[in-house]
Amino acid sequence: MPPAADTTTAPHTGVRPQTERPARSRSTYPGWLFAVAIAVAAFNLRPVVTSLGPLLKQVQADLGMNATLAGLLAAVPSLCFALFGFAAPGMARRIGPIAVITAGMGAITAGVLARSFAGGTAVFLLLTALALAGVAVSNVLIPVVIKRYFPERVGPMIGLYSMALSAGTSLAAAVTVPLTGALGGDWRVGLGVWAALGALALLLWLPAMAAKRERGDRAGGAAAPDKLPITRSRTAWAMACFFGLQATGAYVVMGFLPKIFQDAGVSEGASGVLLALTMVIGVPVSFVLPNLAARRGDQRLFVVVLASCGIAGYAGLALAPAGAPWVWATLVGLSNCAFPLVLTMIGLRARTAGGVAQLSAFAQGVGYLISIPGPILIGRLYQVTGDWYLPLGLLAVLLVPQMLFGLRAARARHIEDEALRPAAPARA
């Protein structure tokens, strides 16, 4: 289903804004196979992180990793997503987004496999960063590829991408420990086995790279300038802040939700299942939501609904966590579905694949930087107060600016129209 047309009148810039035409591939690479490649790549974008958490105690003990370094390891994903995400558009302009994603799948495969043989903490961190670099550039550029090669099906394809990403997140968190036990109990095998999925993605993307024959970002007919002055776009800034605030909530939930339930008397096994519920609920919603959002001229209704779910969920966790834990976990899981929503909006707020690349890098790069202090602050508040009232209250309060930024980012606008608007003439 094609996205709704933007009825906004573009400002006069001297250059007529254009909407990118579908890229015409000269290859015989089937569209359905390309969609499968996108889904398999998305599936690989979170096991690098979520497979490590359940085995972190074993990794620490074996490598002699102290608590400070373990905390640094928790901050590495956001740092890598921000730093390498900013570099992705420039790489795409030089060799094409498909080639960069293919290299990203190679980095994920190599990093995940090699770190399972690491003999020390420094090497383990370095190889984890290599895998996360592949995740970062793929995070940014998969929406670009969708915009370029599936311009009439942005919603369904973003839905497929988000659903596969959520499925990979949930599966790695749920099965890493039992899988490690079934394979002999060695954490190195339990982490290294996920490289097989990366290798599968690489096998799908290598023929895609050869078949599409891209030659940099203009290969798909991008009408956007090489580099937009994107910081002049209010929509881009709103998107970045919306992305950062939703990422803050998501990382806090992944890191602390089991502890919140356990402190309320819920068993360890049940708290793990409740965490899995918050992630699993994103699988079907991540497929349906982008389709619904892409049909509308703007997405403000969805921003409000998801934020309201989060406020209700955090309030329930603060006041009666053991009273209706399944309800609170469901509401928090729905709130975290702001992630597929913001991915959809990134694909709709730019006219061209080049514009999507720059908006995706800017929103995710700035957004992940914004998200870094959140989990640290929540943990500190819990350490100081000894309970979860203040940390959960802060998370609920943060949903208010998230909603406000989301309402601004969800309006039917294109960043090219804002970034290329001439500055107002100075008064004498």
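**Helix packing and the nonpolar cores**

Modeller: In this predicted model, helix 16 is largely enclosed by the rest of the structure, because 17 of its 19 residues are buried. Helix 16 covers residues 353–371, and at 1.5 Å a residue these should span 27 Å; the end C-alpha atoms lie 26 Å apart, which agrees.

A second case of packing concerns helix 10 (residues 234–263) and helix 18 (residues 389–409), whose axes come within 8 Å and cross at roughly 155°. Since angles over 145 degrees count as roughly antiparallel, helix 10 is therefore roughly antiparallel to helix 18. The crossing of these two helices is left-handed. On the side of helix 10, the residues that meet helix 18 include Ala 238, Phe 242, Leu 245 and Val 252; among their counterparts in helix 18 are Leu 392, Leu 395, Leu 398 and Phe 405.

The nonpolar cores complete the picture. The largest has 90 residues, of which Phe 34, Ile 38, Leu 141, Tyr 161, Trp 205 and Leu 341 touch the most other members. Helix 6 (residues 121–149) provides the largest share of this core, 12 residues. Leaving aside residues up to four places away in sequence, Phe 34 touches Tyr 29, Ile 98, Val 145, Tyr 149, Phe 150, Trp 205, Ala 208 and Lys 212. A second core of 23 residues is separate, and Val 252, Cys 309, Leu 331 and Val 332 are among its members.

Definitions and conventions:
Residues are numbered from 1 along each chain as its sequence is written. This is a predicted model: local features need pLDDT of at least 70, side-chain atom pairs count only at pLDDT 80 or more; totals for chains, interfaces and linings use all residues. Side-chain values use heavy atoms; hydrogens and water are left out. Helices (H or I, at least four residues) and strands (E, at least two) are DSSP runs, numbered from the N terminus. The expected span of a helix is 1.5 Å times one less than its number of residues. Buried means under 20% relative accessible area, exposed over 50%, partly exposed in between (1.4 Å probe, protein chains only). A nonpolar core is a set of buried Ala, Val, Leu, Ile, Met, Phe, Trp, Tyr and Cys residues joined through side-chain atoms within 4.5 Å. Contact means heavy atoms within 4.5 Å. Axes are lines fitted to C-alpha atoms, for helices over the stretch in contact, and angles run from 0 to 180 degrees between N-to-C directions. Angles under 35 degrees count as roughly parallel, over 145 as roughly antiparallel, 65 to 115 as roughly perpendicular and the rest as oblique. A crossing is left-handed if the near helix is turned anticlockwise from the far one by less than a right angle, and right-handed if clockwise.
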